[in-house]
Amino acid sequence: MCSVPPLGGLTPEQFLTEYWHKKPLLIRKAVTDVGPPVGFEGLAELALRDDVESRLIENRGGHWHLERGPFRPSRFRRLPESDWTLLVQSVNHHLPHIDALLWRFNFVPYARLDDLMISYAPPGGTVGPHFDSYDVFLLQVGGRKRWQISAQKDERFLENEPIRVLQDFQVEEEYILEEGDMLYLPPKYAHYGVALEPGMTYSIGFRAPTAQELTTQFLVYLQDRICMEGRYSDPDLALTGTPAAIETPMVEQVASMLDRIVWDRDTVGDFLGHYLTEPKAHVFYDAPDDPMDEATFEDVVHTAGLVLDPKSQILYLGETVFCNGERLNVPSQDVVQWQQFANARRLAAGPVSEEMLDTLYEGYLSGYWHEPSDVA
């Protein structure tokens with residue numbers, strides 16, 4: 001599959017300067033080589049699994065209905081001919097050609113690139129007018145879909161509905177997307193897609209965690225790493241006539257304890273390395289059924305190299321390398337090879353140090369990477 005960024009006649013630099021986070025962009029025939037279409041049957045099969053996030057959205061009688069997977073096969077046999085949408089997250093984790101498509105968007109840092117979701121809808125299928133809080137590319141695969149978009153500031157949603165649907169959507173522009181057409185939308189740009197024919201939308205989404213999420217996860221990170229000495233004490237405690245009161249000396253002593261919690265940019269960087277590579281809760285790695293011994297594995301590394309499992313992520317901060325929520329022990333002489341592995345998501349064939357081989361073999365046994373033939 002071609003690795004050229006799917007931006008029409010724009011270079012990545014032009015796109016990032018003129019459109020990213022700023023304004024929508026419609027690209028006709030952006031991607032015409034998506035590989036084998038997944039189709040409803042393929043999505044439905046994934047939606048049966050408990051390691052896959054999936055949703056089914058219907059509009060019945062003017063009200064929205066949301067169901068979450070895993071589903072039973074019988075559920076799909078009861079679907080009407082129109083007005084529903086099946087959505088499956090992270091299809092790139094399960095189909096190699098979809099994974100290859102996702103990484104064509106690598107002109108955006110991996111720390112921001114999230115997943116490729118596929119939605120299938122028959123005529124009338126929609127999830128209603130809404131907006132996302134992150135950048136998204138919407139690629140039409142099969143059929144036709146009408147997209148209406150708006151830069152409106154009114155962000156009120158319908159009450160008592162299971163999904164976020166805008167109360168008052170004001171159409172500003174309208175497009176009909178056909179096979180291979182793609183629409184880019186910056187965060188909070190309202191959009192409303194309705195299938196005109198049976199087809200799929202491949203949604204390439206980007207991570208944009210809220211300040212609350214980052215703060216919460218950072219505090220969890222600190223909790224696992226802080227070891228505070230001492231214990232609360234009050235040897236000079238005086239008799240009080242108000243025993244239910246929290247006295248000022250207690251507040252001051254606890255505040256003094258908490259003042260000893262400190263962090264710096266190195267701490268924040270280490271947190272981000274762990275947080276941004278941490279697999280989502282539903283992700284599980286497939287260890288090899290019949291693992292190679294270390295000598296055979298070394299031959300594979302030398303002659304064929306390795307490829308990252310689609311569920312794996314390697315990021316680095318300077319010479320510090322993180323993989324799947326862990327900081328790797330990487331000697332300085334191996335840093336460049338690990339960085340190349342992270343950037344290309346493929347380790348070129350050739351010799352590696354004994355230390356790197358040990359780490360690679362452990363990761364292989366955990367299912368973090370494979371020999372190239374295993375994911376072809």
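Colleague: What does it mean that Arg75 and Glu58 are both called buried?

Modeller: Arg75 and Glu58 are each classed as buried, so each has under 20% relative accessible area; exposed means over 50%, and partly exposed lies in between (1.4 Å probe, protein chains only). The model is predicted: local features need pLDDT of at least 70 and side-chain atom pairs 80 or more, whereas totals for chains, interfaces and linings use all residues. Residues are numbered from 1 along each chain as its sequence is written, and side-chain values use heavy atoms, without hydrogens and water.

Colleague: What makes the contact of Arg75 with Glu58 a salt bridge?

Modeller: The term requires a side-chain nitrogen of Lys or Arg within 4 Å of a carboxyl oxygen of Asp or Glu. For Arg75 and Glu58 the N to O distance is 2.7 Å, so the pair meets the criterion. Arg75 lies in helix H3 (residues 73–77) and Glu58 in strand E2 (residues 54–60), 17 residues apart; helices (H or I, at least four residues) and strands (E, at least two) are DSSP runs, numbered from the N terminus. Both residues also belong to a salt-bridge network with Arg60 and Glu67.

Colleague: How do you know that Arg144 and Glu197 tie together separate parts of the chain?

Modeller: Their closest N and O atoms are 3.2 Å apart, which makes a salt bridge. Arg144 is in the loop between strand E6 (136–141) and E7, and Glu197 is in the loop between strand E10 (190–195) and strand E11 (199–206), so the bridge joins parts 53 residues apart in sequence. Arg144, at 30% relative accessibility, is partly exposed, as is Glu197 at 31%.

Colleague: Why is the pair of Phe218 and Trp263 called edge-to-face?

Modeller: Rings of Phe, Tyr and Trp (its six-membered ring) pair if their centres lie within 6.5 Å; planes under 30 degrees apart are stacked, over 60 edge-to-face and the rest tilted. By this rule there are 33 aromatic pairs. Phe218 and Trp263 have centres 5.2 Å apart and an angle of 80° between the planes, so both conditions hold. Phe218 is buried at 11% relative accessible area, whereas Trp263 is partly exposed at 47%.

Colleague: What makes Lys23 count as lying over the ring of Tyr19?

Modeller: NZ of Lys or CZ of Arg must be within 6 Å of the ring centre and within 35 degrees of the ring normal. Lys23 lies over the face of Tyr19 at 5.0 Å from the ring centre. Likewise, the charged end of Arg164 sits over the ring of Phe131, 5.2 Å from its centre.
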